[in-house]
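Colleague: I would like to learn how to read a structure like this one. Please take me through a few features.

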Amino acid sequence: MTEHINEGMIPELTAYCQRSGETYRSAGRRYYALAYLLTVITVLASISAGMLAIWTGENVPTPWIGTIALIPAASASIASQLKLVEKANWFYNCSTEYKALSREMMFLAASTPTPQLVEAAIDRLNQTERQADRGWSERLSFFFDKPAQSS
């Protein structure tokens with residue numbers, strides 16, 4: 001009975017790690033895309049405000065130019081407060097860990113896993129998830145009651 005449970009758990013753990021790795025990779029891509037989008041908006045707004053101020057003179061109302069000129073500062077503030085690039089890196093690192101775990105699980109599945117090996121695999125998965133959660137809460141969470149911690 002124990003052997004059957006062990007044989008069934010390893011493929012399940014492998015599939016879980018593969019799905020998690022892809023999920024984290026996808027989230028990392030979304031965070032990077034958002035960070036790049038903010039960068040592009042910042043650059044375009046900065047160039048636009050400068051060009052409008054230089055070439056249009058009196059034709060464009062000053063409040064419009066001022067509003068466009070504020071976009072880069074707002075974008076930079078948003079990007080820094082949300083820590084978009086850091087979060088993207090965190091997701092990519094988690095993805096890498098899950099891919100490594102998946103390969104370990106596939107190696108176990110190719111052999112006859114003992115209860116001890118299955119337990120060790122589950123412990124490794126739990127440890128990876130605890131470390132990831134700690135990393136997020138220590139470096140990437142919002143801190144409203146104390147200054148942001150430096151990396």
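This is a predicted model: local features need pLDDT of at least 70, side-chain atom pairs count only at pLDDT 80 or more; totals for chains, interfaces and linings use all residues.

Modeller: Start with contacts, meaning heavy atoms within 4.5 Å. Of the contacts in the protein with a separation of 6 or more, 84% join residues 24 or more positions apart. Residues are numbered from 1 along each chain as its sequence is written, and side-chain values use heavy atoms, without hydrogens and water.

Colleague: How many helices and strands does the protein have?

Modeller: Helices (H or I, at least four residues) and strands (E, at least two) are DSSP runs, numbered from the N terminus. Here there are four helices and zero strands.

Colleague: Is E12 buried or exposed?

Modeller: Buried means under 20% relative accessible area, exposed over 50%, and partly exposed in between (1.4 Å probe, protein chains only). E12, in helix 1, has 58% and is therefore exposed. V43, also found in helix 1 (residues 2-56), counts as partly exposed because its relative accessibility is 43%. Of the 151 residues, 25% count as buried.

Colleague: How do helix 3 and helix 4 cross?

Modeller: Axes are lines fitted to C-alpha atoms, for helices over the stretch in contact, and angles run from 0 to 180 degrees between N-to-C directions. The axes of helix 3 (residues 84-110) and helix 4 (residues 115-140) come within 11 Å and cross at roughly 180°. The two helices are therefore roughly antiparallel (angles over 145 degrees). Among the residues making the contact are W90 and F91 of helix 3 and L125 and W136 of helix 4.

Notes:
Angles under 35 degrees count as roughly parallel, over 145 as roughly antiparallel, 65 to 115 as roughly perpendicular and the rest as oblique.
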